[in-house]
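This briefing is intended for a reader who has the sequence and the coordinates at hand. It is arranged by topic.

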Amino acid sequence: MNAPAYNFAYLDEQTKRMIRRAILKAIAIPGYQVPFASREMPMPYGWGTGGVQVTAAILGPQDVLKVIDQGSDDTTNAISIRKFFGKTAGVATTTSTTDATVIQTRHRIPEAPLHAGQVLVYQVPIPEPLRFLEPRETETRRMHALGEYGLMHVKLYEDIARFGHIATSYAYPVKVNARYVMDPSPTPKFDNPKMDNCPALQLFGAGREKRIYAIPPHTDVVSLDFEDHPFTRYRFDAPCALCGAGDSYLDEIVTDDKGSRMFVCSDTDYCESRQLAGHRGSESAPPHKERAHG
Amino acid sequence: MAEPQDPMQDDQPLLVAEHLGKNYGRLTACRDVSFALYPGEVLAVVGESGSGKSTLLQLLSAQLAPSAGRVSYRMRDGVLRDLARLGEAERRFLFRTDWGYVHQDAAQGLRMAVSAGANVGERLMAVGWNHYGRIRDAASSWLERVEIDTARIDDAPRTYSGGMRQRLQIARNLVTEPRLVFMDEPTGGLDVSVQARLLDLMRNLVSELGLAAIVVTHDLAVARLLSHRVMVMKGGRVIETGLTDQVLDDPREPYTQLLVSSILPA
Amino acid sequence: MTAMIDITSAKKTFTMHLQGGVELPVVRGVSFQVEPGECVVLSGPSGAGKSSILKMIFGNYRCDGGRIGIRHQGMVIDLATAEPRQVLSVRRTTIGYVSQFLRAVPRVATIDVVAEPLIANGIARAEARERAGALLRRLNIPERLWALPPSTFSGGEQQRVNIARGFISDLPILLLDEPTASLDAANRAVVVELIEQKKRQRVAMVAIVHDDEIRHLIADRIVDVTSFAAAA
């Protein structure tokens, strides 16, 4: 059988060099969106083409790759990206957060603490946090350059005026290294505090928008807020129905057509590790209540 | 008796234009304009469409680079500085704090999809206000000052009438207590009754706040009501200048006489 | 000099560009002085240039020659050559003008129209309104009208509002253009009283009055402007 003649990790070496240069620049200027010549990938936009290109550029033969989608290792998207690199780079893959050296993610940061030497690669649909209010790219770039971020608070103001609290619950804007305001990709704001002073390197790739940005290890990442409406995490007020965890981000699962549901950890690796360690949940959820967690 | 507050006694000009000119290729939009504007002074620039008055406003507000001459502005620290030599950050900061710009079309000066409160509060947030309650209080007191029902504070200006939008635009500009406001045909496109109300409001605000203003208008009634001084422009040049009532009651130049005589009797 | 107003050889000509550049001489060689506490009445037939002279002293008409000296804040300013800013300053603190017709902003309440000159000179709104009210009452404008804009009033009422606005401030020079023209006897008497009061306050006044009786009552001196009429 003739194996297809892929270059290591699919992309050619020149492209990987170009992406690495963009990554280095992004690391040097935390939170700044670096333009790069995004390539066509053998998957549609919206399926993580930005993240895949970043991963391809940093992967080495010794790396151990984990891919999650909404916290889960076993969704179609996660499996196909994992298989993609298994085939084109021949790297080892894992579902264990702790064992992985490179973790590509869509919409979550794993519950288990990341450690030095790890790289977390985010798939980003829209990298520009100011776009909601200012559609002109020329103008938003200038605002970043001059540090004019009043507009970001306009969005939060609108939330409070309309809902009585800051209702933005994902893609919650942060200020990186006291300089650039950054969109953390559509991760729930529950995960925002994990970005702050994180020992792992965090890289963000937006394929369609052709932007790469980064948070180097141990960088200050502050969620924007008002003095009288401080940032709060948000979590369903229930333990995981499977592992009983009280500190993880939960998915709501509808179990029948009569309104029954349960809440389970969105991070499947975390949940399974806890179950293996003997933790048990109720497997049926109490009526859901919402509560802010500081 | 209290000592009269007379901002115009200040003999340091706020803005100085020297031999300003702007060419577009062979077309001269504006030529050799010089004047000084003092704190608290309202200057009207009148003339027909194409007379160069809008170009002049853009030159004065540093939105357009002059082909000749320069514009200087006395910053809050008292130093007169050439606008062309300000960094972009300084210029934009000036625009958000010490200057206001009222567009003829409110949609250009407002964020139409964002609530009135946030429209007014934006400049405050831009200068670092970080307390929602205080921002909202400031916004609502400004809505009151421009006679907008505070019950409408959370409505977007696209739901407002033309006159309300224009008043909201004024509130949005004045919230940082600028010293100079540029106005481009501020009453253009409004009904006559709405115009009267807006003019009256602007007149009061300008005198209460001691604002300096440069108002571009083709409407001599607006110039008479709002301004202390008027510049008449034709073909890119200033052809006559002086006290507003002097120029309008005793016009000297043929063109000014034509403009004044073209007003329909009330 | 001690005079509040000192006019020497002032000249005014209109050039009517729309009528083929016709030169319309109005006055020339206008020379007279007005001392503090004195009321000078300009006399002469209609069209002799009385109103034009008044407007020149106010800086409303430009002066084409000569000199219009005004004592302003302890100095003498020549209005014929003054900068617009200086003219405005003179109007704010030195010269008041009562015209025949009221030029008021629509929508502004009568009481505020009258109080405005005081507020512009830094007097608190409440006090300014109180003084405005007293003057309006004296000029027989019923209190129920105070909150309405004067544009809704009759001609005589509008003129009284105008007089109140002109007399309210404590300016050292007052120019009066037909202040009693459309007033009844009772209100004319009030205006005469107000002028007397201004004289006691050492205010220098220049007036145009057609009514002989009033002229005799207020004039300290009459300047006949016929001699200034520029030959056409």
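This is a predicted model: local features need pLDDT of at least 70, side-chain atom pairs count only at pLDDT 80 or more; totals for chains, interfaces and linings use all residues.

Residues are numbered from 1 along each chain as its sequence is written, chains are lettered from A and ligands numbered from 1 in the order in which they are written, and side-chain values use heavy atoms, with hydrogens and water left out.

**Chain B as a whole**

- Chain B contains 10 helices and 10 strands, where helices (H or I, at least four residues) and strands (E, at least two) are DSSP runs numbered from the N terminus.
- Its radius of gyration is 19 Å, close to the 18 Å that the globule rule gives for 266 residues, so chain B is as compact as a globular protein of that length; the radius is taken over C-alpha atoms, and the rule is 2.2 Å times the number of residues to the power 0.38.
- Along the principal axes, the C-alpha atoms of chain B fill a box of roughly 55 × 50 × 45 Å.
- Of the 266 residues in chain B, 57% are buried; buried means under 20% relative accessible area, exposed over 50%, and partly exposed in between (1.4 Å probe, protein chains only).
- Among the contacts in chain B with a separation of 6 or more, 67% join residues 24 or more positions apart, a contact being heavy atoms within 4.5 Å.

**Chain pairs**

- No contact joins chain A and chain C, and their closest C-alpha atoms lie 34 Å apart.

**Helix α3 of chain C**

- Helix α3 of chain C (residues 110–120) has 8 of its 11 residues buried, so it is largely enclosed by the rest of the structure.
- The buried residues of α3(C) include Ile111(C), Val114(C) and Leu118(C).
- The packing partners of the buried residues of α3(C) are α4 (125–138) and α5 (155–167) of chain C.
- Just after α3(C), Gly122(C) adopts a positive phi of about 90 degrees.

- Thr140(A) is located in helix α4 (residues 137–146) of chain A and is buried, at 1% relative accessibility.
- The side chain of Thr140(A) reaches the backbone oxygen of Glu137(A) at 3.0 Å.
- Not counting residues up to four places away in sequence, Thr140(A) touches Glu128(A), Leu130(A) and Glu134(A).
- Tyr172(A) occupies the loop between α5 (150–163) and β6 (174–176) of chain A, and is buried at 1% relative accessibility.
- A polar atom of the Tyr172(A) side chain lies 2.5 Å from the backbone oxygen of Leu224(A).
- Beyond its neighbours within four places in sequence, Tyr172(A) is in contact with residues including Leu156(A), Pro184(A), Asn192(A) and Phe231(A).
- Tyr172(A) and Pro186(A) are 14 residues apart in sequence, and their C-alpha atoms are 7.8 Å apart in space.

**Positive phi in loops of chain A**

- Ser185(A), in the loop between β7 (180–182) and α6 (192–195) of chain A, has a positive phi near 65 degrees although it is a residue other than glycine.
- Ser185(A) counts as buried, at 1% relative accessibility.
- Lys210(A), in the loop between β8 (201–206) and β9 (211–215) of chain A, is not a glycine but has a positive phi of about 60 degrees.
- Lys210(A) is partly exposed, with a relative accessible area of 33%.

Note on methods: A polar contact is a pair of N or O atoms within 3.5 Å; within protein, one must be able to donate a hydrogen and the other to accept it, and residues adjacent in sequence count only if both atoms are side-chain atoms.
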